[in-house]
Amino acid sequence: MYMSFLKILQKTDLTHIRNLIYSVTEQTVLNTLEKKHFDLKDFTVLISPAAGRFLEKMADLSREITLLRFGRTVKLYAPLYVSNECVNECAYCGFNAKNKIKRKTLTKKEVIKEAESLYSQGFRHLLLVSGENSRKVTVAFLGDIARELTKNFAAVSIEVYPMDTGDYKKLASCGVSGIALYQETYNRTVYKTVHRGPKADFNYRLSALERAGEAGFREMGIGVLIGLSDFRTDVFFTALHAGYLMKKFWKSGIAVSFPRFRAAAGNFKPYVNVSDKEFAQLIFALRMVLPDADLVLSTRENPGFRNGMAGIGITRMSAGSKTNPGGYTVSENSLEQFEIADKRTPQNIASMLKTKDLDPVWKDFDRSFLFE
Ligand code: SF4
């Protein structure tokens, strides 16, 4: 019988973990880098400030592991924003209910038009994204869209609001095969400060991935917003959570995202700005401790950084993304959730990968693989 992750989190002292990370010495880093396999204790070493001085060695190890587990491949995906309506007031987000912006929820016809545009650009995996408003974007609506989109797309995932197991099961039966839900931060105090509305329920959000796992999703994505709290401690808990889900739901693939702050309506100032070097260190450390997890890098990051990280640790990238509902064809000027730093087209990204001797992967799954 598995203990819930909520219980594990309650039993793990955040301050103790933070102190462990910040007291690591260079000698401990050197000893750790000699190992063949890395556990969570090693992870506290790899994400420490002291390990930041061994970035090259970490990059080599991360590249080696990525090549061994994923070959020379990088999966491509694009988000399809269904709605920017949201009942929450997250201090850092442009879709915050208090922001006076034009709200839009696409109709089914509009979603299909957007999806057709992405299909024509080569995408076969879709991620449906929306603000959190279960009255505007209902479970029935999502299910209806998924049934339609899975006629052409190999995989449809959702990044919406947390749900009960029953609703997750309904969506799985409509063809939704993946779910992404980010905790934003594992620090309850910070979480409470920046969230208002239903999302302020830390425990309900934290346990959502376990409900999704019970519903049988093939893929589950987790992550924190890098810079919201102490980023090293937050990434430790992300790895702890990912490892837990991988063990408990061994049939599901786990993906980890780590969006860094970008400007959005509302002008929220992050707790800390994380440098490219620090960010790269987190990616390498995550690859070393979670060799089988997909590590995702979005278009929030600039082209130079994305080029550098592809294949070294990152195995999934968004491309040509619009973060506003209807952004591809329907309503190109509606408000975006955050600024895009990499504005290259999907074809440009695919070419960049090829010049690095990497294969861009548009499709890596087909429902006919499932024995139903
Ligand atoms: S982060 Fe998500 S839940 Fe929060 S305001 Fe933005 S869209 Fe809504």
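The crossing of helices α8 and α11 is right-handed, where right-handed says that the near helix is turned clockwise from the far one by less than a right angle, and left-handed that it is turned anticlockwise. Welcome to a short tour of this structure, which is a predicted model: local features need pLDDT of at least 70, side-chain atom pairs count only at pLDDT 80 or more, and totals for chains, interfaces and linings use all residues. Residues are numbered from 1 along each chain as its sequence is written. Helices (H or I, at least four residues) and strands (E, at least two) are DSSP runs, numbered from the N terminus.

- Two packed helices are described by the angle between their axes and the distance between the axes.
- Axes are lines fitted to C-alpha atoms, for helices over the stretch in contact, and angles run from 0 to 180 degrees between N-to-C directions.
- For α8 and helix α11 (residues 208–215), the angle is about 45° and the axes are 8 Å apart.
- The pair is therefore oblique; angles under 35 degrees count as roughly parallel, over 145 as roughly antiparallel, 65 to 115 as roughly perpendicular and the rest as oblique.
- On the α8 side the contact uses Thr165, Tyr168, Lys169 and Ala172, and on the α11 side Arg211, Ala212, Glu214 and Ala215; residues are in contact if their C-beta atoms, placed from the backbone, lie within 7 Å.
- By class, the residues of the α8 and α11 contact are four nonpolar, one polar and three charged.
- For these classes, Ala, Val, Leu, Ile, Met, Phe, Trp, Tyr, Cys and Pro count as nonpolar, Asp, Glu, Lys and Arg as charged, and the others, Gly among them, as polar.

**Helix α7 and its two partners**

- Helix α8 (residues 165–173) also packs with α7, at an angle of about 20° and with axes 8 Å apart.
- α7 and α8 are therefore roughly parallel to each other, and their crossing is right-handed.
- Val139, Leu142, Gly143 and Ala146 of α7 meet Asp167, Lys170 and Leu171 of α8.
- That contact of α7 with α8 divides into four nonpolar, one polar and two charged residues.
- Helix α7 (residues 139–149) packs with helix α6 (residues 108–120) too, at about 40° with axes 11 Å apart.
- That angle makes α6 oblique to α7, and the crossing of α6 and α7 is right-handed.
- Lys108, Val111, Ile112 and Ala115 of α6 make the contact with Asp144, Ile145, Glu148 and Leu149 of α7.
- In the contact of α6 with α7 there are five nonpolar, no polar and three charged residues.

**Two residues with positive phi**

- Glutamate 184 has a phi near 75°, a positive value in a residue other than glycine.
- You can find glutamate 184 in the loop between β4 (176–180) and α9 (188–194).
- Glutamate 184 is buried, because 23 other C-beta atoms lie within 10 Å; buried needs 20 or more such atoms, exposed 12 or fewer, and partly exposed is in between, with C-beta atoms placed from the backbone.
- Aspartate 357 also has a positive phi, about 65°, although it is not a glycine.
- Aspartate 357 sits in the loop between α15 (346–355) and β9 (359–361), and counts as exposed because it has 8 C-beta neighbours inside 10 Å.

- Glutamine 281 belongs to helix α13 (residues 276–289) and is buried, with 26 other C-beta atoms within 10 Å.
- Leaving aside neighbours within four places in sequence, glutamine 281 is in contact with Ile47, Ala51, Gly52, Leu55 and Met58.
- Glutamine 281 and glutamate 56 are 225 residues apart in sequence, and 9.5 Å apart in space from C-alpha to C-alpha.
- Aspartate 276 is in helix α13 as well, and is partly exposed, with 14 other C-beta atoms within 10 Å.
- Isoleucine 312 lies in the loop between α14 (303–309) and β8 (316–318), and counts as buried because it has 22 C-beta neighbours inside 10 Å.
- Beyond neighbours within four places in sequence, isoleucine 312 is in contact with Ala59, Ser62, Arg63 and Thr66.

Key: Contact = placed C-beta atoms within 7 Å.
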